[in-house]
Amino acid sequence: MISDVISSSELSKVDPVFGQLSFDNHEQVVFCNDKDTGLKAIIGIHNTVLGPALGGTRMWNYSNEWEALNDVLRLSRGMTYKSAITGLNLGGGKAVIIGDAKTQKTPELMKKFGEFVHSLSGKYITAEDVGMATSDMDLVREVTPYVTGISEDKGGAGNPSPITAYGVFMGMKAAAKFKFGSDVLEDKSVFVQGIGNVGEALVEHLVNEGAKVTITDISPERLEMVSSKYGATIYTGKDIYSEEMDIYAPCALGATINDDTINRIKAKIVAGAANNQLAEEQVHGKLLQERGIVYAPDFLINAGGIINVYAELENYGRPEIIRKTENIYNTTLEILEKAQATQITTHEAALEIAQERIETRKKENAK
Ligand code: NAD
């Protein structure tokens, strides 16, 4: 997940910001520093053509600033395309706070971060990501309205993970329809890697549909809990990539489809919640395609979470959240068919549709 592709020594050889490999015409990159609270954060605003840049804040113990910068550039770009392809009027942004969320996160630091968000006057709207909790968003809300994912009793839309899982399930069903001719997942073997908030909810959908679910996680407690709750099989082998399976669902870290794993993957479909699953989009997307493995683009099928927080801004309720999330099925199918017809990768097909939407709006805005 965190700068797993580019080493920090490679990163430091290029120009500090605009020369970064992950720099992709980002509109604004804001470095935030506060001596008293120890806050060191970077806000990346990739694109605001469709609307304000919305994306979560991640607190992570980056080994250096290059990693933090690379992460915020990659993640904010991903948010632009996620919102664009989902049909939301939002741009792409993300923030990273450098530090250990367990030991260095204080209410004062979160509020100071909120002040920096506020200083951007709504161009960037923050939300929860790794290392953050709903209570942290509540603290940010004390100093700025430009935050989503606050507690339900404070008017927020609540935990996005079950909706994210439902969207992933929809995307997976569409991929099955494309690959197997039927979207029924009964008796299909599905390996869920990472059974945290999203993974567990995904397991529930899969088990309810009668899929044969195998789970892996680095946490033995979670494995025991999810296995006993849903009757999923705990994986005991050494290399899940080389296992025979119908569907591989990465729901833990990004970049698990990389030079090391790509040739071992035996799954017929890859569809999961993790962000940035392809270590190198072009290279590994192409290799999956060549091997006949259907890849449901991550930024499309894991968009349930952003649909959920967008509800807070647009004041729509549960039925509309579900409708928009179910539509991930149609969009996924459309993209898989487009990729096949035009002989490009599914990731490229999804990017093209997202970029077209941004370009169209740009022209409309210029009129
Ligand atoms: P989480 O932290 O609740 O769960 C992640 C799980 O993965 C944990 O149980 C952890 O023990 C496990 N894990 C970590 N390293 C692992 C490894 N090497 N092998 C197997 N398991 C491992 O996170 P989450 O909220 O469930 O999110 C899962 C993924 O989906 C993340 O990549 C996240 O960025 C992405 N995502 C989440 C949402 C959301 O709404 N929560 C939305 C979009 C994308």
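Two helices, α5 (161-180) and α6 (197-208), each supply at least two residues of the shell around the ligand; helices here are DSSP runs of H or I, at least four residues long, numbered from the N terminus. The model is predicted, with local features needing pLDDT of at least 70 and side-chain atom pairs counting only at pLDDT 80 or more, while totals for chains, interfaces and linings use all residues. Residues are numbered from 1 along each chain as its sequence is written, and side-chain values use heavy atoms, leaving out hydrogens and water.

The shell holds 18 residues around the ligand, each with a heavy atom within 4 Å of it. Thr164, Asn197, Val198, Asp217 and Ala252 come nearest. By type, the shell divides into 9 nonpolar, 7 polar and 2 charged residues, with Gly counted among the polar ones.

Now for the polar contacts, pairs of N or O atoms within 3.5 Å. A polar side-chain atom of Asp217 lies 2.6 Å from a ligand oxygen atom, and a backbone N or O atom of Val198 lies 2.8 Å from a ligand oxygen atom. For Asn275, a polar side-chain atom is 3.2 Å from an oxygen atom of the ligand. The ligand taken alone exposes 830 Å², of which the protein buries 74% (Shrake-Rupley method, 1.4 Å probe).

Turning to the whole chain, the domain assignment, automatic or from a database, gives domain 1 (23-76 + 91-158) and domain 2 (162-355). Their centres, taken over C-alpha atoms, are 26 Å apart.

Conventions: Polar contact = N/O pair within 3.5 Å; in protein donor to acceptor, adjacent residues only side chain to side chain.
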